[in-house]
Amino acid sequence: MDFKDFTLGKNDDNRRLDKVIRIFAASLSLSELYKYLRKGLIKVNGKKAKPETKVFEKDKISIASFIFEKNLNEKNGLCSDNASCPASALSSAASLPSLSVVFENDHILIIDKPYDIAVHGKPDSLDKAVEVYYKEKKNDASLSFKPGPLHRLDRKTTGLLCFSMSLEGARWFSQNIKSHNIQKKYAALVSGKLLKSERWEDEIKKIDDNKSFKTVDAKNFDLSSEAGSGYKKAVTIVSPAGYGKYEGQDVTLVYFDIKTGRTHQIRAQSALHQHPLLGDTAYGGKKIKGKRDFYLTACQLSFPEENPLGLPSLVKPPFPEDFKNFLTSCFIKDFGL
């Protein structure tokens, strides 16, 4: 019986064998996995092992070649110790979007997301580009880890987007985004003149209308709302930063400090409060002539000053060039708070 051998990396350390294999070979059913383990067609350090066996960095996993060939899609680009990566694994790299890296270390990659590019779920999405980048940069033979987005940005939103580069990084980020130790700030150009900082507390509900493009419904927060209505509380602090004109209409550059992460939260709440994003026709904004449908960017990330990942306390890159140009065309020259 011919076997393919894989040496476990740091991100596989102290994990259950069945968990590692299921991530490595996602198409394997549990019954198939248990059968192969029982028959010794998947081994740990040359010996039969049980599904619950804990495996560690530098352990060797041996998988019968027919299982490897049957269940591993070449697109995953996984390489064994005694075989090169399939030629097709990186063949589509040329069609993937380029990455504008703002910060990276062993745990987290922060990129500046371009306009009109999907974060995941498409053949040319950013997660695919980051997987290729990870394989090119990291000498890590981990079977059970691959980088992935740690939060979401809509396709037409630009700006700071974080990806995991280690299991430790993914776990820490997930815990701290839930506890609000990580703060995100956005900037957008909205219709009308927002005269002062405000705190918006509203409710948002996804609309299921079978359309390919999904919108949400927003309404003012109501303590008497019935449980199970589908609405979820959305909290955003808005601060005006500059005023201008677009085709004679007042516009405001606004910074958004979101306290909850609802779908289309900024777009829906802005429309509800009579300041739709300029150009955001799905939410009542005036159509614009520009490179984008609307201008919304994730412009700032704040991390705890003391953190185990070595992240900076503040990440704040310059505004995208086309965003700055459009602001200038609207006679807004100062982009800072």
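Two strands count as paired here if DSSP finds at least two bridges between them. I start with that because the sheet I want to show rests on that rule. The model is a predicted one.

With that rule, four strands form an open sheet, and the order across the sheet is β1-β6-β3-β4. The pairing is antiparallel. At the edges are β1 and β4, residues 47–48, each of which pairs on one side only. Strand β3, residues 42–44, is joined to β4 by two bridges, and these strands run antiparallel. In that pair, V44 stands opposite K47 of β4.

D5 sits in strand β1, which covers residues 3–7. The side chain of D5 makes a polar contact with the side chain of S62, at 2.7 Å. Along the chain D5 and I63 are 58 residues apart, yet their C-alpha atoms are separated by 6.5 Å.

Which helix lies across this sheet? Helix α1, residues 17–24, lies across β1, β3 and β6. Strand β6 is residues 60–64, and α1 runs at about 55° to β6.

Let me step back to the protein as a whole. The secondary structure comes to seven helices and 16 strands. There are 337 residues, and 47% of them count as buried. The accessible surface is about 17,200 Å², with 49% of that area belonging to carbon and sulfur atoms. If you take contacts between residues at least 6 apart in sequence, 68% join residues at least 24 apart.

Next, a helix from later in the chain. Is helix α6, residues 265–272, mostly covered or mostly open? It is mostly covered, with six of its eight residues buried. Those six are Q265, I266, R267, A268, Q269 and S270. The cover over them includes several strands: β10 (183–191), β11 (198–206), β12 (216–220), β13 (232–246), β14 (249–258) and β15 (296–302). After α6 comes Q274, which has a positive phi, near 70°.

Last, confidence. The average pLDDT for the protein is 87, and 88% of the residues score at least 70. Where does the score stay under 50? That stretch is residues 73–91. For those residues the model has 27 contacts beyond four places in sequence.

To recap: an open antiparallel sheet of four strands, helix α1 across three of those strands, namely β1, β3 and β6, a mostly covered α6, and a stretch at 73–91 where pLDDT stays under 50.

Key: Residues are numbered from 1 along each chain as its sequence is written. This is a predicted model: local features need pLDDT of at least 70, side-chain atom pairs count only at pLDDT 80 or more; totals for chains, interfaces and linings use all residues. Side-chain values use heavy atoms; hydrogens and water are left out. Buried means under 20% relative accessible area, exposed over 50%, partly exposed in between (1.4 Å probe, protein chains only). Contact means heavy atoms within 4.5 Å. Accessible areas come from the Shrake-Rupley method with a 1.4 Å probe; for residues, only the protein chains shown count as cover. A polar contact is a pair of N or O atoms within 3.5 Å; within protein, one must be able to donate a hydrogen and the other to accept it, and residues adjacent in sequence count only if both atoms are side-chain atoms. Axes are lines fitted to C-alpha atoms, for helices over the stretch in contact, and angles run from 0 to 180 degrees between N-to-C directions. pLDDT is the predictor's confidence in each residue, from 0 to 100.
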